[in-house]
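Hi,

Here is the structure I promised to pass on.

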Amino acid sequence: MAHLAHDDRESTEHRPQRNRVWGRIALLLAAITLVLALAAAAGARFGLLLLIGLALGATLEGLRFGFAGPWRAMILRRDPSGIFAQLLAIALVAAVAFPLLATHSGELIGAHAPIGFAMVGGAFVFGIAMQVVLGCGSGTLVNAGSGNPVALVALPFFAIGSFLGAAHLNWWTSLGTLPLATLEGGAGLGLTFAGLGLIAAFVWILADRHNRRLPRRLVIAALLVALLALGNLVVAGQPWGVVYGLGLWIAKGASAAGADLAANPFWGSAAHAERIAQSLLTDVTSLTNLGLIGGAFIVAAWRAGLSQPIPHLPALAWAATILAGLALGYSSRLAFGCNVGAFFSGISTGSLHGWVWFVAAFAGSIIGVRLRPLLQLEART
Amino acid sequence: MTLSRTHGVIALVVVIVALLVFDLSHSAPLDPFRAPALLALGSGQAASGAHCAAAPGS
């Protein structure tokens with residue numbers, strides 16, 4: 001009898017743990033099923049792109065690799081570890097992407113864009129906004145996937161902003177844009193490494209000497225992010241990007257609702273009209289964006305991290321979140337990408353606009369970090 | 001009732017599912033037999049996806 005009672009108690013104690021294991025297995029099976037179903041319905045490439053997005057989301061959330069947070073850590077605490085990880089990942093991608101782009105120029109394209117007034121201004125505003133909501137292009141998607149309420153509110157406005165920014169992109173670029181300038185070949189790769197090394201040295205000098213380190217977690221994250229970004233390039237033929245897909249979601253809705261996008265110089269152009277006519281399930285950035293959300297959700301659910309209560313924020317903070325979301329989307333289109341499409345993919349595939357983006361967005365971030373407490377998104381320090 | 005992140009994620013999933021249902025009903029049908037090669041690298045096909053870095057007219 002005593003034996004039975006002991007067994008019952010043990011069984012009851014182990015039940016939540018067993019349920020959690022089954023829950024995790026169900027999560028993984030659901031993700032694999034979605035990837036396979038998409039591959040069967042739309043084509044293997046699209047299933048693989050969703051898988052890459054899921055892996056990116058899981059890596060960013062699971063290993064806490066990001067952009068907005070590390071920049072904030074450097075500005076406020078002079079902690080350079082996250083920036084070192086970003087530079088390492090970019091260098092790793094560049095080391096492979098440069099030769100691939102040189103030898104397969106028809107099949108693969110870089111994230112190449114011109115430098116211009118609107119591009120610089122867009123990156124500056126993006127830097128401010130990403131510190132206000134503490135989420136960049138990839139970060140907002142990952143944070144939304146893990147149930148972060150600020151990201152959940154910012155995301156739809158990010159998409160609307162991206163749609164509007166693209167719609168006005170031709171006008172903004174007409175204000176003044178330099179010819180496209182890119183680094184290519186062995187010399188270009190050497191210059192890219194030298195530039196990344198210079199930034200790393202500069203950050204090292206500015207950093208608090210107690211924080212001058214690169215934790216193993218971030219080394220692993222940088223390796224995985226680089227591997228997955230290269231996977232994106234090899235599978236899709238283009239580098240990892242975020243913001244185009246978000247704008248496309250709104251463009252599809254607007255088009256279906258009767259908006260005449262054919263008259264718009266951006267959305268009405270043949271390439272983008274074709275994307276609007278096709279399913280989002282065949283759009284590269286839409287698939288990796290959905291994967292980022294899904295991958296982050298899997299990790300958050302795996303860790304049972306979805307039970308945290310939603311914090312009570314004042315109306316000013318929510319209004320700021322909405323405006324920052326709009327600014328994130330709009331400005332990233334003018335800047336020819338966000339932290340992913342312009343900074344990460346631009347530099348790693350030789351576009352000079354990626355370097356300018358970094359400087360402008362970091363300057364904006366210094367302001368954004370100061371704005372965040374004023375907008376009551378955190379306790380004042 | 002205290003709202004948790006679970007509620008936020010449920011709302012997000014509902015929105016994404018609605019977006020995809022809407023998308024599938026307003027787009028050209030999916031056709032795996034006209035899909036591009038698994039890898040762009042080595043396919044001989046020109047890159048055709050849209051990217052945020054692409055300048056207007058490029």
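Before the notes, one term: I call two residues in contact if their C-beta atoms, placed from the backbone, lie within 7 Å. Also keep in mind that this is a predicted model.

Let's start where the two chains meet. Chain A puts 63 residues into the contact, and chain B puts in 36 residues. On the side of chain A that touches chain B, helix α11 (residues 243-256) of chain A gives the largest share, with five residues. By type, that side of chain A splits into 38 nonpolar, 20 polar and five charged residues.

Next, helix α6 of chain A, which covers residues 137-145. After α6(A) comes Gly147(A), which has a positive phi, near 85°.

That brings me to Phe297(A), which sits in helix α13 (residues 284-302) of chain A. Why does Phe297(A) count as buried? Because 25 other C-beta atoms lie within 10 Å, and the cut-off for buried is 20 or more. Phe297(A) is 150 residues from Gly147(A) in sequence, yet their C-alpha atoms are 7.6 Å apart in space. If you skip its neighbours within four places in sequence, Phe297(A) is in contact with Gly145(A) and Ser146(A), and also with Val9(B).

Cheers

Notes
Residues are numbered from 1 along each chain as its sequence is written. Chains are lettered from A and ligands numbered from 1 in the order in which they are written. This is a predicted model: local features need pLDDT of at least 70, side-chain atom pairs count only at pLDDT 80 or more; totals for chains, interfaces and linings use all residues. Helices (H or I, at least four residues) and strands (E, at least two) are DSSP runs, numbered from the N terminus. Ala, Val, Leu, Ile, Met, Phe, Trp, Tyr, Cys and Pro count as nonpolar, Asp, Glu, Lys and Arg as charged, and the others, Gly among them, as polar. A residue is buried if 20 or more other C-beta atoms lie within 10 Å of its own, exposed if 12 or fewer, and partly exposed in between; C-beta atoms are placed from the backbone.
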